[in-house]
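Trainee: I would like to learn how to read a model like this one, feature by feature. Could we look at it together?

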Amino acid sequence: MSPALVFFGRHPTPGRCKSRLARSVGSDDAAASIYDAIVRVVLLRATLSRVDRDETDEEQTRVIFTCAAEDDVAPCRALLERGGRWCVEDSAPSTSTAIDVRAQTQVDDLGARLVDAFRVELENARARGARYPPPVCVAGTDIPAFSFEHARRALERARDERCVTFGPSRDGGFYCVAATATPDNCEKLSRAFADVVWSSSETLAQCVANCEAEGMVVRVDMETLQDVDDARDLERALDEGERPERPDDARYVARLRETYDEIRTTFRDAIYMEYTISCAAHGMNRITHSQVISRGIQVAWVIIIILRSK
């Protein structure tokens, strides 16, 4: 069965996505808009980058968008349909860019949801009578620089059934994990991901140690990328720039830059609004030392973002 790239994401509903980013920019609406644009960047990179590849049906990587909540499935599917904000069909043949949408396992534990993504692909392969279990790469949707090339490298390594590959993120976690969805690997990953402290600086180290203890060959030599959890992360991600994988494709480059500009503008406006509200609420003659420092950081962000957007 063909390889699978499984994205973990949400519908960009204000108040239901990127809560840490919302707190740091002072706006649920801005955080949702920024996440919406980041998803568009990720899907654009991951989908269009594979269109020109000369592959058979069995080699063609399937792309699946899985939603954290069941009631996100229908609105996310609508966003991916032709004419929807997440659709890329105007730049590529629909047969090459089709993205399936389904819900993740409805449990709070991220490890269990990751393992279930592999198990679902194993069950699908069995149901279709596939000769071999599929390589699977599970990735987040808050990493603007993530592209199909990253997924391809991870999936190539996953063809070694003993191997599990992690794409490291700068905060000590990982932006993707890839392995062949064999019954044995699913059981090993289930044990390895149990009791991991997620969203910590030690998350990747714990997963690597646990996978090695299960006898898996672990590879963490993928490019380190920046995921976006708060305003500082977003600033670093924007610093990395667009980095188009198809620099000769004018439409692709224009669409990528347009979306990055949208992120910068939303970020700039949200920080400026938060700073303005903060000044009005506290009054310039009644602020603490920590508030002075906080406002200084906000002013610096506003100036930097304005300069970069010009």
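Trainee: Which residues does Leu 5 touch, not counting residues up to four places away in sequence?

Mentor: Contact here means heavy atoms within 4.5 Å. With residues up to four places away in sequence not counted, Leu 5 touches Ala 46, Thr 61, Arg 62, Val 63, Ile 64, Cys 137, Ala 139, Phe 146 and Ala 151. Keep in mind that this is a predicted model, in which local features need pLDDT of at least 70 and side-chain atom pairs count only at pLDDT 80 or more, while totals for chains, interfaces and linings use all residues. Residues are numbered from 1 along each chain as its sequence is written, and side-chain values use heavy atoms, with hydrogens and water left out.

Trainee: How many residues does the largest nonpolar core have?

Mentor: A nonpolar core is a set of buried Ala, Val, Leu, Ile, Met, Phe, Trp, Tyr and Cys residues joined through side-chain atoms within 4.5 Å. Buried means under 20% relative accessible area, exposed means over 50%, and partly exposed is in between (1.4 Å probe, protein chains only). In this model the largest such core has 59 residues, and Leu 5, Phe 7, Phe 65 and Phe 146 have the most contacts inside it. Helix H2 (residues 28-48) gives the largest share of this core, 14 residues. There is also a second, separate core of 29 residues, which includes Phe 166, Cys 186, Trp 198 and Met 216.

Trainee: How many helices and strands does the protein have?

Mentor: Helices (H or I, at least four residues) and strands (E, at least two) are DSSP runs, numbered from the N terminus. The protein has 11 helices and 7 strands. Val 63 counts as buried because its relative accessibility is 2%. Val 63 and Val 6 are 57 residues apart in sequence, yet their C-alpha atoms are 6.0 Å apart in space.

Trainee: At what angle do the axes of helix H5 and helix H7 cross?

Mentor: Axes are lines fitted to C-alpha atoms, for helices over the stretch in contact, and angles run from 0 to 180 degrees between N-to-C directions. The axes of H5 (residues 110-127) and H7 (residues 183-193) come within 9 Å and cross at roughly 170°. Angles under 35 degrees count as roughly parallel, over 145 as roughly antiparallel, 65 to 115 as roughly perpendicular and the rest as oblique. H5 and H7 are therefore roughly antiparallel to each other.

Trainee: Which residues of H5 and H7 make the contact?

Mentor: From H5 come Gly 111, Leu 114, Val 115, Phe 118, Arg 119, Leu 122 and Arg 126, and from H7 come Pro 183, Cys 186, Glu 187, Leu 189, Ser 190 and Phe 193. For classes, Ala, Val, Leu, Ile, Met, Phe, Trp, Tyr, Cys and Pro count as nonpolar, Asp, Glu, Lys and Arg as charged, and the others, Gly among them, as polar. The contact of H5 with H7 has 8 nonpolar, 2 polar and 3 charged residues.

Trainee: Is Lys 18 buried or exposed?

Mentor: Lys 18 counts as buried because its relative accessibility is 17%. You will find Lys 18 in the loop between strand S1 (4-9) and helix H1 (19-25). Leaving aside neighbours within four places in sequence, Lys 18 is in contact with Ala 31, Tyr 35, Asp 142, Val 228 and Asp 229. Lys 18 is not a glycine, although it has a positive phi of about 50°.

Trainee: What phi does Ser 199 have?

Mentor: Ser 199 has a positive phi of about 60°, although it is not a glycine. Ser 199 sits in the loop between H7 and helix H8 (203-213), and counts as exposed because its relative accessibility is 71%.

Trainee: Where is His 11 found?

Mentor: His 11 is in the loop between S1 and H1, and is buried, with a relative accessible area of 18%. Beyond four places in sequence, His 11 touches Cys 17, Asp 72, Pro 75, Cys 76 and Leu 79. Leu 79 belongs to helix H3 (residues 73-80), and the C-alpha atoms of Leu 79 and His 11 are separated by 8.9 Å.
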